[in-house]
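Subject: Structure handover and findings

Dear colleague,

Please read them alongside the coordinates.

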Amino acid sequence: MKPCVSILLTLCALLLPGGTPALADEGEVYTALKQDVLFARTGLRLWEKEPRIAGPGETGMAYNMLASAGGLRVHSLELAVFTSRAPAEEVGKRMIHSMSMGEDVYVNQPGPYGDIGDERHVWTGGGDGGGSLVFLRQNISVVFSWSGENARALALARRIDQLIRTDREAAPRGAFAPTPEIVTAGVLEQASKKARITITPEFRGLGERADLRITILAPDRNSRVSETTMEGRSPPDIVVRGPRADSLSDTVRKRRPDEDGRFIVHIPDKVGPAKLTMIVATPDNVIVTKEFTVNVTE
């Protein structure tokens, strides 16, 4: 192939609508999503400074927004960087099951939203009644809901996607070294119901332990769970609550996790195997999860 033809084909690939120039580098993934940069570039402002692990958790870090440029009301913006594409796709599947509502539903159709992300799901209430959207860009997922003019919300989604694709200050790319993971949750395979167990989870590639948010989901995925803050300002106890309201009646330890690296798990009060999920989030919105089972005994 002649050099000029090769260059022309390369330029065409980079300029295709919805294209991802960085994907030309095989093996590279997004390694972070810097929310401060993203918010500054888009005019978004935080209502509450501290984010939280969202919904069932794996959908990302949820940021409560005050408004966007132009007065659009963004209720919550969830950002997640996964170590591979597969977990990002799981977010889309969960959202379809939990948010299939409204008059207009677009699931990976070309239509008016086909240029947002490399996969997208959009729900609107018709007219300008607001809606919800999730889009994926390689190993990143973005979820938000809004009220106000739908055109403004979709323009915001396109802007966020553009920044992810083109702004390396907002969304750096490369290879995780090492790949972030929860090596072990540090929980015993068997424990008595309602027991309080001190654990020392082991992590790899997630940075400083004191900067992490960590939580554990109970089997029904609706149980109230506490989580650590990045700075450790709130009680760092990992609490898995049982179905009865009195399962957390005792006093829990109030030490920061970076003081001794330990956390406390409250075992559910239902006898039998309890399938739990530990979720860890970094300050740069990298999310990793690990499932494990505890056999709860009398």
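In what follows, axes are lines fitted to C-alpha atoms, for helices over the stretch in contact, and angles between N-to-C directions run from 0 to 180 degrees. Helices (H or I, at least four residues) and strands (E, at least two) are DSSP runs numbered from the N terminus. The model is predicted, with local features requiring pLDDT of at least 70 and side-chain atom pairs counting only at pLDDT 80 or more, while totals for chains, interfaces and linings use all residues. Residues are numbered from 1 along each chain as its sequence is written, and side-chain values use heavy atoms, with hydrogens and water left out.

Helix pair. Helix H2 (residues 35–42) packs with helix H4 (residues 150–166) at an angle of about 130 degrees, their axes being 10 Å apart. H2 and H4 are therefore oblique to each other (under 35 degrees counts as roughly parallel, over 145 as roughly antiparallel, 65 to 115 as roughly perpendicular, and the rest as oblique). On the H2 side, Leu38, Arg41 and Thr42 are in contact (heavy atoms within 4.5 Å) with Leu156, Arg159, Ile160 and Leu163 of H4.

Buried strand. In strand E9 (residues 131–137), 7 of the 7 residues are buried (under 20% relative accessible area, with exposed over 50% and partly exposed in between, for a 1.4 Å probe and protein chains only), so E9 is largely enclosed by the rest of the structure. Gly131, Leu133, Phe135 and Arg137 point one way from E9, whereas Ser132, Val134 and Leu136 point the other way. Strand E8 (residues 119–124) pairs with E9 in the antiparallel sense over 6 bridges, where pairing requires that DSSP finds at least two bridges between two strands, and Val122 has Leu133 in E9 as its bridge partner. E9 is also joined by 7 bridges to strand E10 (residues 140–147), again antiparallel, with Leu136 opposite Ser141 in E10. E9 and E10 form a hairpin with 2 residues between them, and Gln138 in the turn has a positive phi of about 55 degrees.

Open sheet. A sheet of 4 strands, open and with mixed pairing, has the order E13-E19-E18-E16. Strand E13 (190–192) and strand E16 (213–217) stand at its edges with a single partner strand each, so one side of each is left without a neighbour in the sheet. From one strand to the next, the twist averages 35 degrees. E13 and strand E19 (residues 287–297) run parallel and are joined by 3 bridges, and the bridge partner of Gln190 in E19 is Asn295.

Best regards
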